[in-house]
Amino acid sequence: MPAEERLGLLVKRAEQRLMAAKHAAVKTAGLTVPQYAALLVLVDNPGISAAALARECLVTPQAMTVVLKNLLGHGLIERGPHQWHRTMLETHLTDAGREALRTADAAAVVIERRIADAFTPDERDSLRDLLARFTQAI
């Protein structure tokens, strides 16, 4: 199959462009894309465990451990034992973490809006459906 006909290759190229743009955007807040993703999930899921956070961010628990260590070191999160499950550590954003997320998200949303604006509402719905079928076919 010729390279130009490989849908997986086109999706990978689009993903690489998106990640490069997001990297540059969230760097303004001193974050990496994985750190930004973790903060984005944490804001809606305070107290989430590291394992659940890894699942939500689509990374391995080992990778999330590194992300959390860096966020903790920069004072963007705090971790402590769960009130009933003492072996589980809860993770919460600090005020500095919320501020870093606000800064990063403002820059990241510009990219998302630019992407959305390239399509009509019907095309966006179709693209979502097509990407869901793409994922299901794998």
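Guide: Leu31, Leu39, Leu53, Met64 and Leu71 touch the most other members of the largest nonpolar core, which has 24 residues. The model is predicted, with local features needing pLDDT of at least 70 and side-chain atom pairs pLDDT 80 or more, while totals for chains, interfaces and linings use all residues. Residues are numbered from 1 along each chain as its sequence is written, and side-chain values use heavy atoms, without hydrogens and water.

Visitor: What makes a set of residues a nonpolar core?

Guide: Its members are buried Ala, Val, Leu, Ile, Met, Phe, Trp, Tyr and Cys residues joined through side-chain atoms within 4.5 Å; buried means under 20% relative accessible area with a 1.4 Å probe, protein chains only. Helices α2, α3, α4 and α5 (95-117) each supply at least two residues of this core, and α2 gives the largest share, six residues.

Visitor: Why is α3 called roughly perpendicular to α4?

Guide: The axes of α3 (residues 50-57) and α4 (residues 61-73) cross at roughly 105° and come within 9 Å. Roughly perpendicular covers 65 to 115 degrees, therefore α3 is roughly perpendicular to α4.

Visitor: Which residues make the contact?

Guide: Ala50, Leu53, Ala54 and Cys57 of α3 meet Pro61, Met64 and Leu68 of α4, contact being heavy atoms within 4.5 Å. By class, this contact has seven nonpolar, no polar and no charged residues.

Visitor: Which residues of α3 are buried?

Guide: Ala52, Leu53, Ala54 and Cys57 are the buried residues of α3. These pack against α2 (33-44) and α4.

Conventions. Axes fitted to C-alpha atoms, helices over the stretch in contact; angles between N-to-C directions. Helix = DSSP H or I, 4+ residues; strand = E, 2+ residues; numbered from the N terminus. Parallel < 35°, antiparallel > 145°, perpendicular 65-115°, else oblique. Nonpolar A, V, L, I, M, F, W, Y, C, P; charged D, E, K, R; others polar. Buried < 20%, exposed > 50% of the residue type's maximum accessible area, 1.4 Å probe, protein only.
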